[in-house]
Amino acid sequence: MAQAQHGTTGTAPGDQRERQERERQERQRQEWERWRAERTAEVSAPYGLTALRSTHWLSDYPDGRLPAIPGEWILPPEGGAPVLRAAAGDGLIVDEAPFAGELRLGPDSGPPAAARVALGRRRLVVLEREGAWAVRDFDPASPARAAFRGIATGAFDPDLAVPGRFTPYGTGRTVRVAHADGRERGLGLGGELAFELAGQRRTVQVAVLGDGSLWAVFADATSGRGSYRFRFLDTAAPGPDGAAVVDFNRARLPSCAFADAFLCPFPPPGNTLDVPVEAGELRLLPSG
């Protein structure tokens, strides 16, 4: 009798494993909920993605006069960074002080809120891409920010956080891809990320960022239908053996989903999955 009682007390190993797995998935879900909240706060901040009002390529304005932006933004004949000329009455602020005169500007490398040039609450961000120079106008009163109502997101699915394997290319590659503004630019790629999805092995080409993390531009069978036409996928830096976790629950909308003036690259060859990925950020909620 005592032996029989001993066999029925405690928790069976299988039950314990199931409980641990449920707890692990619940932690994942809670972390994902925090990520969702942080993303919403980030994109809707005064100088977040929804605040971008316009991007002006200086080569399109030989006289240096940009729409709704005072001063003259001149590309020097010898090339290089633009020169800003402004009068006191233009109301521009440079390095937190009223500006009048002439100043050569380099690209702003920090967040928009830290841009050197301001106009009231607006921040005028100097941008350089492949030798072309532009000025971005971030405005807390932008129409996109006023219209923002949130992000439609797929339900959390623990089965869409899958093991992956990163294989670096021997040397970095650059492919030319179309961008959201209609221009073609180079997209740097550092390797291939392999994973299993819907029962099959699949791969996407990824860029390797400065901290070792991976970034992919991808589309899937929902793109342009139930989700935006393409999305971004971030993956933490892989281990020494290339092991990584590919979590489609954190697929995110590209910048151009929030404001038309962003330049987002389209997916490179091979990065369109033939299966639906109904997880992560899908599209903006309607403003009406």
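This section describes the aromatic contacts, cysteines and pockets of a predicted model.

Across the whole structure, 9 aromatic pairs were identified. In one of them, the ring centres of Phe148 and Phe258 lie 6.4 Å apart with the planes at 50 degrees, so the pair is classed as tilted. Phe148 belongs to the loop between helix H3 (143-147) and strand S10 (151-153), whereas Phe258 belongs to the loop between strand S16 (243-247) and strand S17 (281-284); the pair therefore ties together parts that are 110 residues apart in sequence. Both Phe148 and Phe258 are buried. A single aromatic cluster is formed by Trp215, Tyr228, Phe230, Phe232 and Phe266.

The search for disulfides returned 0. Cys256 is buried, with a relative accessible area of 5%, and Cys264 also counts as buried, at 5% relative accessibility.

The largest pocket has a volume of about 560 Å³. Its lining comprises 21 residues, with Arg129, Arg136, Phe232, Ser255 and Pro265 nearest the centre; of these, Phe232 is also a member of the aromatic cluster. Helix H2 (13-43), strand S9 (132-138) and strand S12 (184-197) each contribute at least two lining residues. The lining consists of 10 nonpolar, 4 polar and 7 charged residues.

The second largest pocket, of about 320 Å³, is lined by 15 residues, of which Asp234, Ala236, Val245, Asp247 and Arg250 lie nearest its centre. At least two lining residues come from each of H2, strand S15 (231-235) and S16, and H2 provides the largest share, 5 residues. By class, this lining has 6 nonpolar, 3 polar and 6 charged residues.

Definitions and conventions:
Residues are numbered from 1 along each chain as its sequence is written. This is a predicted model: local features need pLDDT of at least 70, side-chain atom pairs count only at pLDDT 80 or more; totals for chains, interfaces and linings use all residues. Side-chain values use heavy atoms; hydrogens and water are left out. Rings of Phe, Tyr and Trp (its six-membered ring) pair if their centres lie within 6.5 Å; planes under 30 degrees apart count as stacked, over 60 as edge-to-face and the rest as tilted. Helices (H or I, at least four residues) and strands (E, at least two) are DSSP runs, numbered from the N terminus. Buried means under 20% relative accessible area, exposed over 50%, partly exposed in between (1.4 Å probe, protein chains only). A disulfide is a pair of cysteine sulfur atoms within 2.5 Å. On a 1 Å grid over the protein atoms alone, a cavity is a set of points where a 1.4 Å probe fits but cannot get out, and a pocket is an open set with protein on both sides within 12 Å along at least five of seven lines; lining residues have an atom within 4 Å of a point. Grid points are joined across faces, edges and corners, and a volume is the space filled by probe spheres set on the points. Ala, Val, Leu, Ile, Met, Phe, Trp, Tyr, Cys and Pro count as nonpolar, Asp, Glu, Lys and Arg as charged, and the others, Gly among them, as polar.
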